[in-house]
Amino acid sequence: MYFSIKEPFHYETVIKKSRFICDLIPVNDAEEAKDALATIRKRYYDATHHCSALRLGTTGTLQEQSNDDGEPAGTAGRPMLHVLQQRDLTNLLAVVTRYFGGIKLGTGGLTRAYGGTLAESVSAAPIVAYVAHHRYSVQIPYDLLGALENAWKDMPYIIIDRQFTDNVRFTMDVPATTAVAFEQNLTELTAARAVWQKDPERLLMIDYDLIK
């Protein structure tokens, strides 16, 4: 399972008089990431470094990039990318901006500072998970409405819409891992009176607190 963040997130810390500013920006492609990085560079135009790490994709081989932006090779972008990899984060640009405070940190200190700043930022950010779902269209008779809503109230289903016509019609997203059980329960609870259609599997972004 892959994760990302719900919305842009900002975090700051000071390490041996250097100011480290971490910006996390959810992005859909490399062009969005390029524009977001340019915006941050403009915002902190007088900073010493703008180091970055990027991961894109949710299937197959992910696209990954990192940049030390003038820091010694491998001391900034690479440890930042390692944090994104360890946390299974994707579709995310991480930028750590540094204002040099006059004290050199050394290669080990820089690695810990950049990686640690990003790790702390990620721990505080609002995380979302990419979870495979099926979109269902379900029709049931009115007399079964109460029983089904009671059965669904503690389940991880997302009800998108209800329509009350000749039958009750639900549009809902059901996690792919529970789809078989959902259909079996629907058949049992309605004595096979429910009618449904299932769309192909797709990924939805779900608040991590709701699934952990």
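Begin by selecting Asp199, which touches His134 and Arg135 when residues up to four places away in sequence are not counted. The coordinates on display are those of a predicted model. Asp199 sits in the loop that joins β10 and β11. Is this residue buried, partly exposed or exposed? Asp199 is partly exposed, because its relative accessible area is 40%.

Colour the chain by domain. The assignment gives domain 1 as residues 1-124 and domain 2 as residues 131-201. Between the C-alpha centres of domain 1 and domain 2 the distance is 42 Å.

Select residues 138-193: the content is 34% helix and 32% strand, with 11 Å between the end C-alpha atoms.

**Strand β7 and its partners**

Which strands pair with β7, and in what sense? The partners can be visited one at a time:

- Strand β1 (residues 3-5) pairs with β7 in the antiparallel sense over three bridges; here Ile5 faces Ile127 of β7.
- Strand β11 (residues 202-207) is an antiparallel partner of β7 through six bridges, and Val128 is set opposite Asp207 in β11.
- Strand β9 (residues 168-175) joins β7 in antiparallel fashion through eight bridges, with Gln139 opposite Arg169 in β9.
- Strand β10 (residues 195-198) is paired with β7, again antiparallel, by four bridges; Ser137 has Gln197 of β10 as its bridge partner.

**The five-stranded sheet**

Move to the open sheet of five strands, whose order is β2-β3-β6-β4-β5 with antiparallel pairing. Its edges are β2 (9-15) and β5 (63-67), each of which pairs on one side only. From one strand to the next, the twist averages 15°.

Within this sheet, select β3 (residues 18-26) together with β6 (residues 92-99). These two strands pair in the antiparallel sense over eight bridges. At Arg19, the residue opposite is Tyr99 in β6.

Now show the helices against the sheet. Helix α1 (residues 30-43) lies across β3, β4 (49-56), β5 and β6, and runs at about 20° to β6. Helix α3 (residues 106-124) also packs on the sheet, where it touches β2, β3, β4 and β6; its direction makes about 45° with that of β3.

**Thr97**

Zoom in on Thr97, a residue of strand β6. Is Thr97 buried or exposed? Thr97 counts as buried, since its relative accessibility is 0%. Which residues are in contact with Thr97, leaving aside neighbours within four places in sequence? They are Arg19, Phe20, Ile21, Ile40, Tyr44, Ala47, His49 and His50.

**Helix α2**

Select α2, residues 77-86, and show its side chains. The buried residues of this helix are Gly77, Pro79, Met80, Leu81, Val83 and Leu84. The elements that cover them include β4, β5, β6 and α3. Step just past the end of α2 to Asp88, which takes a positive phi of about 55°.

**The cysteines**

How many disulfides does a search of the whole structure find? The search finds zero. Cys22 counts as buried because its relative accessibility is 0%. Cys51 counts as buried too, with a relative accessibility of 0%.

Methods: Residues numbered from 1 in each chain as written. Predicted model: local features only at pLDDT ≥ 70, side-chain atom pairs only at ≥ 80, totals over all residues. Heavy atoms only, no water. Pairing = 2+ DSSP bridges. Axes fitted to C-alpha atoms, helices over the stretch in contact; angles between N-to-C directions. Contact = heavy atoms within 4.5 Å. Buried < 20%, exposed > 50% of the residue type's maximum accessible area, 1.4 Å probe, protein only. Domains from an automatic or database assignment. Disulfide = S-S within 2.5 Å.
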